[in-house]
Amino acid sequence: MQNDFLIGRQQIFDGDLRVFAYELLFRDINGNSVETFGPTAASNQVIVDSLLEYGLDKIVGRQLAFINLTRDNLLSETPSLLPKDKVVIEVLEDVQVDDTLIQALKRLVRDGYKIALDDFEFEERWLPVVEMAHFIKLDIQKVSPATSGWVMERLKPLPIRFLAEKVETQEQYLEYKALGCQYFQGYYFSRPNTVRGKRLETNQHTVLQLLAKINRPNISIPELARTISMDVGLTYKLLRYINSAYYALPKQIDSLKFAITYLGIREIQRWASLISLASFSDRPTEILKIALIRAKMCESLAVSLKLSNSEQFFLVGLMSTIDQLLEVPLDEAVSGLPLSGEVKSALVSHAGLAGEALSCAVNFERWKLDAAHFEDLGLSKIGEIHLESVGWANKIAQVLEK
């Protein structure tokens, strides 16, 4: 895949806070807007070619991808290169609306593509385009709830779904949901909703204790097998995943000790940890996916520097969403766990190299590219690691969902 730009993504949620799609974000390797690397038609062509080469499924999994395209590209053959069952084409608010654009969009809709209007504000010139649109995105930082409600009421006869973007508080989410928005996007959804002093349920505490025991440094094969075997459900799921198509092993494995010997302590620790975290089934699955991406990214950052304790970095990334899973502040969540001081300080205050790796992963995830740095690695390498981590996490999440 060409490596002259960065790809990020932001979740688009439905009304039940399940991920419906991802908006794909692009910057050049210095973190600047994509317009800096040449004519817009050429730059979008490079992006589309690279997405197809890498594979959209690796980036967005089973969800849709919302992709911004310029007027030049909308008038060209570029959109038709994208799989119509996987993408929603976003038309930016500053595009020139004329008969040429309208005819190009009509062809795309006729061919089965879905259209979204970005940062929409009602103007007469948009009416021919609105009639073709499948989604309208309302920037709630620019338009008031009253104006948004008026727009939604005016367009009610059309089969349009509304998306509130730049949602930053729970109050905004609830307000726009009440207005009739079906989809939501914004940083509010990546922030934990925590309650200080909330008591953990017994099963949650048990899972956390098991997680910490599984990941003890220098644990032996018999100790690891004994620890995992204390949880019958975990043992069953672990053996089931090991014998799944993911590994395609030549023969069935029916013993924990043999599994650990065959695949290695680190691999079994990893799967046992993933299965344990996935047991918080009442929380949105996206929280686990974010933890998987951070875990793999932290590990890969450590490997890139040839650090010997990359498994510790993986654990830090994996545990970094534990506050969202438990709905308690992070310091409370980790305080009672038998984790090393280094892991705890990396999680709570992003201290040490593992903490720096976690900070890098979180900042890239939130598209804060100026703050996404790790030692002397370039932003291009960090972006490459992030994309590989997203692909790995989507693959693992699909296995865990089975």
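At what angle do α14 and helix α17 pack, and how far apart are their axes?

1. The model is a predicted one. In it, α14 and helix α17 (residues 341-349) pack at an angle of about 45 degrees, and their axes are 10 Å apart. Angles from 65 to 115 degrees count as roughly perpendicular and those under 35 as roughly parallel; α14 and α17 are therefore oblique to each other. The crossing of α14 past α17 is right-handed.

2. On the α14 side, this contact involves Gln312, Leu315, Val316 and Met319. Their partners in α17 are Glu342, Val343, Ala346 and Leu347. By class, the residues of the α14 contact with α17 are six nonpolar, one polar and one charged.

3. Which residues make the contact between α12 and α19? From α12 come Arg270, Trp271, Leu274 and Ile275, and from α19 come Trp392, Ile396, Val399 and Leu400. Seven residues of the contact of α12 with α19 are nonpolar and one is charged, with no polar residue.

4. The second largest pocket has a volume of about 440 Å³. Its lining consists of 22 residues, of which Asn215, Arg216, Pro217, Gln269 and Glu311 are the closest to the pocket centre. Two elements give two or more residues to this lining, namely α12 (265-278) and α14 (310-319). The lining of the second largest pocket divides by class into ten nonpolar, seven polar and five charged residues.

Methods:
Residues are numbered from 1 along each chain as its sequence is written. This is a predicted model: local features need pLDDT of at least 70, side-chain atom pairs count only at pLDDT 80 or more; totals for chains, interfaces and linings use all residues. Side-chain values use heavy atoms; hydrogens and water are left out. On a 1 Å grid over the protein atoms alone, a cavity is a set of points where a 1.4 Å probe fits but cannot get out, and a pocket is an open set with protein on both sides within 12 Å along at least five of seven lines; lining residues have an atom within 4 Å of a point. Grid points are joined across faces, edges and corners, and a volume is the space filled by probe spheres set on the points. Helices (H or I, at least four residues) and strands (E, at least two) are DSSP runs, numbered from the N terminus. Ala, Val, Leu, Ile, Met, Phe, Trp, Tyr, Cys and Pro count as nonpolar, Asp, Glu, Lys and Arg as charged, and the others, Gly among them, as polar. Axes are lines fitted to C-alpha atoms, for helices over the stretch in contact, and angles run from 0 to 180 degrees between N-to-C directions. Angles under 35 degrees count as roughly parallel, over 145 as roughly antiparallel, 65 to 115 as roughly perpendicular and the rest as oblique. A crossing is left-handed if the near helix is turned anticlockwise from the far one by less than a right angle, and right-handed if clockwise. Contact means heavy atoms within 4.5 Å.
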